[in-house]
Amino acid sequence: MIRSNTWMIAWACLSLTTAAQDRDEYRKPPKVMEELLLAPPTPGVSIGQEGRWMLVTERSSYPTLAELAEPEVRVGGLRMNPANFSPSRSTGVVRMRLHSLKERKDVAIAGLPTPLRAVSIQWSPDESRFAFVNLSGKRADLYMVDIATATARKVNRAALNILPGNAYAWVGNDRLLYRTVPAGTGPMPERNPVPKGPVIQQNLGRQGASRTYQDLIRTPYDEELFAWLTTSQMVIGGAGAEKPLGRPGIIAGMAVSPDKGFVLLTTLERPFSYLIPASGFPKRISVLSLTDGTSWTLAETPSEEGAPIGFDDVPDFPRNHDWRDDAPATLTYVQPLDKGLGRSRADFRDAVYAVDVRGDRKPKELFRTRMRLNGITWGDERHAVVYEGMFANRRQRMDLFDPSTGRLDSIYERSSNDAYSDIGTPMTTRNAMGREVLALKDGSTVLLKSQGASPEGDMPFVQSMDLRTRERRMLWRCQAPWYEPVIDLVDPEKMLVLTSRESTEEQPNYYLRSLADKDAVPKPITRFPHPYPQLKGVVKNKVSYKRADGISLTGDLYLPSGYDAVRQGPLPTLIWAYPREYRSAADAAQVRGSRHTFTRIGWGSPIYWVTQGYAVLDNAEMPIVGEGDTEPNDRFIPQLYLNAHAAIRHLASIGVGDSTRVGVGGHSYGAFMTANLLAHTRLFKAGIARSGAYNRTLTPFGFQAEERTYWQAPKVYYDMSPFSFADKVKTPILLLHGEMDNNSGTFPIQSERFYNALKGHGATVRYVQLPYESHGYQARENLLHMLREQHDWLERYVKGK
């Protein structure tokens, strides 16, 4: 009897487990959704500076699961393919061709490798050639393409190692600096199943806060493996025989000086950290002469483990070593003046220094910034544009620096959340040394391109600004019914720019537009076909509405083809969103995006369901506002409710959305939003949460735009964690997560534990873990199955079938 009862209990448990697991084979969504997902991506283009040749590149839609399952080592915060010494999960260009803009004809490129999987495409300084790295299953190789002959040839002999850092750099117009697997590299180290001892970490009274990172070094074996994978030999080749430079090392960066005489080399050094990724390991910054092979060390920086982690904090040592683009061989770097502490009181935050490599090599201070330095665009001996800003008060500033006098003057300043006030970013051109510098007209006038945010939506523009007088003049602005952002400056003298033009009815194509003649008709240079014939007739509108406290909101509303609200009535509705934080209600209320953009569908888009009879509100604004001494997250949940309730109420008021049949969803922080809405409101019939973080105590040193730690604001962390309120979730929720999520904070355990908590309290919940996927999903089998899971959930719980 005992044996029989035990067998019956075991069988019952097995039956319950099987029911809970459900079937696990791959399935597909409705055919129209599959066709939309697998539609060929629109080709990419790159135009030579004189506008004579265009490179057209094509990518495959999505890799297969077998491709995603290629060998992978996850260590040091990196994901690497040990078979070809390249980043794992790399997708590349599968087809490329040249196009003569003068003759308007395509030109095939001879000598391309088969199969083609090209990454890291770069033009030579004079744009007479371009290079790329081709990835195969067993090695990576460097190719150079000559434009005049339209012929490709392989440059390297030994296999490339492109881990970590940049794969290669141009040295002039016919030579390349690249990294190879060192001669004598043996097989990948094997892990000893019997460890030599325990893994021990300790801290002796020193503060060492760090964010939650994935794929870190955890054992001595991991250290050995990381070094084996990332050690490379620097080589110069392309014209003539290959020549090794220096000794093998873990090369994290190599940059050639504008005069092609030196290499700025960044190498990673031991000891490796077990708490932070490779980007924070100790570094040696050195300069290597390409003439005689001599080198000298510019700086040695310690590990960033224990460095301050505030959003305005930086390590208290020199950073951002780089070449000055308008000088032959001058290095620049940044030194903090506030010990790297962004919230400390300081008149100046950063100082920028220069080192003349061909001179006395002594650092000379160029200027100081009152906010944190964000970047420099060099121009000439009289002009450079400096960018500085602070996260704490959301301020940004653009400055003019005169290298001849050392004077730094503010050009303009704005809130980083205030898109309406953006005057634009200076456009660049190549100088005689092949470096990108300010495109200066008449000696002191720059061209500023901007997305053109406005109350009518984004209307991209280009304006000129005299850097001496600050006088600005509008040269061109996109007009309805088009959305036409400027991509690049093709010819500074002729004021010729490359744009991408689209409308709600016309797919994006590339045009050449003259800024010198406002009335000139733009010249089309591509005629890509409509990628989504299945969406013809779908109606898109940017809708505006207000939440209860008066803040204006917008969203992109999609309605099915042929839909008639009067005849058919309100539709089941899907709202898709991603919360964002603001320090000003006025900034939060600004209109974002354009009402004139063409409808694009990515793998994670909610727009698929407009083909299934749903009203879809995509990019529904979910601002979280904190003004004065109040931080945005102090009122996170109440503001989520205001945003969601306003969206539902508006769609119902215009007769298109059924307020009793609304689903909500999001990815990452949008998934976090979804779970919170279901825990604290009863507005929705179902939710879809993909790759989210649901327990904020697992990200205790800050998350998203929250700078406070758990110990500084425990109530905020608790109240914002839907895990804390799992017993309150009564609305059906679908959880999806990539098995190998690499995003900081969104470990798969977040979904696993949330699912367990929901199940433990009797919630209606389904958890789908997608094999091999990271934070963004890639494999077509997984993506098709994801769409099917989401579709079945919406049909069952929102549409009510």
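This is a predicted model: local features need pLDDT of at least 70, side-chain atom pairs count only at pLDDT 80 or more; totals for chains, interfaces and linings use all residues.
Reader: How many salt bridges does a search of the whole structure find?
Author: The search finds 54. A salt bridge here is a side-chain nitrogen of Lys or Arg within 4 Å of a carboxyl oxygen of Asp or Glu.

Reader: Which residue does E72 pair with?
Author: E72 forms a salt bridge with R89, with the closest N and O atoms 2.7 Å apart. The pair links distant parts of the chain, 17 residues apart: E72 is in the loop between α3 (65-68) and β3 (73-75), and R89 is in the loop between β5 (86-87) and β6 (93-100). Helices (H or I, at least four residues) and strands (E, at least two) are DSSP runs, numbered from the N terminus.

Reader: Is R89 buried or exposed?
Author: R89 counts as buried, at 16% relative accessibility. E72 counts as partly exposed, at 24%. Buried means under 20% relative accessible area, exposed over 50%, and partly exposed in between (1.4 Å probe, protein chains only).

Reader: What does R583 meet in a salt bridge?
Author: The side chain of E631, at 3.6 Å from N to O. R583 lies in the loop between β41 (580-582) and α6 (585-588) and E631 in the loop between β43 (623-625) and α7 (636-653), so this pair ties together parts that are 48 residues apart in sequence. R583 is buried, with a relative accessible area of 19%, and E631 is partly exposed at 27%.

Reader: Which residues are linked in a network of salt bridges?
Author: R27, R766, R788, E789 and D792.

Reader: Switching to aromatics. How many aromatic pairs are found?
Author: The whole structure gives 27 aromatic pairs. Rings of Phe, Tyr and Trp (its six-membered ring) pair if their centres lie within 6.5 Å; planes under 30 degrees apart count as stacked, over 60 as edge-to-face and the rest as tilted.

Reader: Why is the pair of F367 and F401 called tilted?
Author: Because the planes are at 50 degrees, with the ring centres 4.7 Å apart. F367 is in strand β22 (residues 364-369) and F401 in strand β25 (residues 395-402), 34 residues apart. Both F367 and F401 are buried.

Reader: And which rings link into a cluster?
Author: F701, F703, Y710, W711 and Y717. R696 lies over the face of F703, at 4.2 Å from the ring centre. A charge sits over a ring if NZ of Lys or CZ of Arg is within 6 Å of the ring centre and within 35 degrees of the ring normal.

Reader: Backbone now. Where is the peptide bond from L163 cis?
Author: The bond from L163 to P164 is cis, with omega near -25 degrees. P164 is in the loop between β11 (151-154) and β12 (168-171). A cis peptide bond also joins A480 and P481, with omega about 10 degrees.

Reader: What is phi of A150?
Author: Near 55 degrees, a positive value in a residue other than glycine. A150 is buried, with a relative accessible area of 7%.

Methods: Residues are numbered from 1 along each chain as its sequence is written. Side-chain values use heavy atoms; hydrogens and water are left out.
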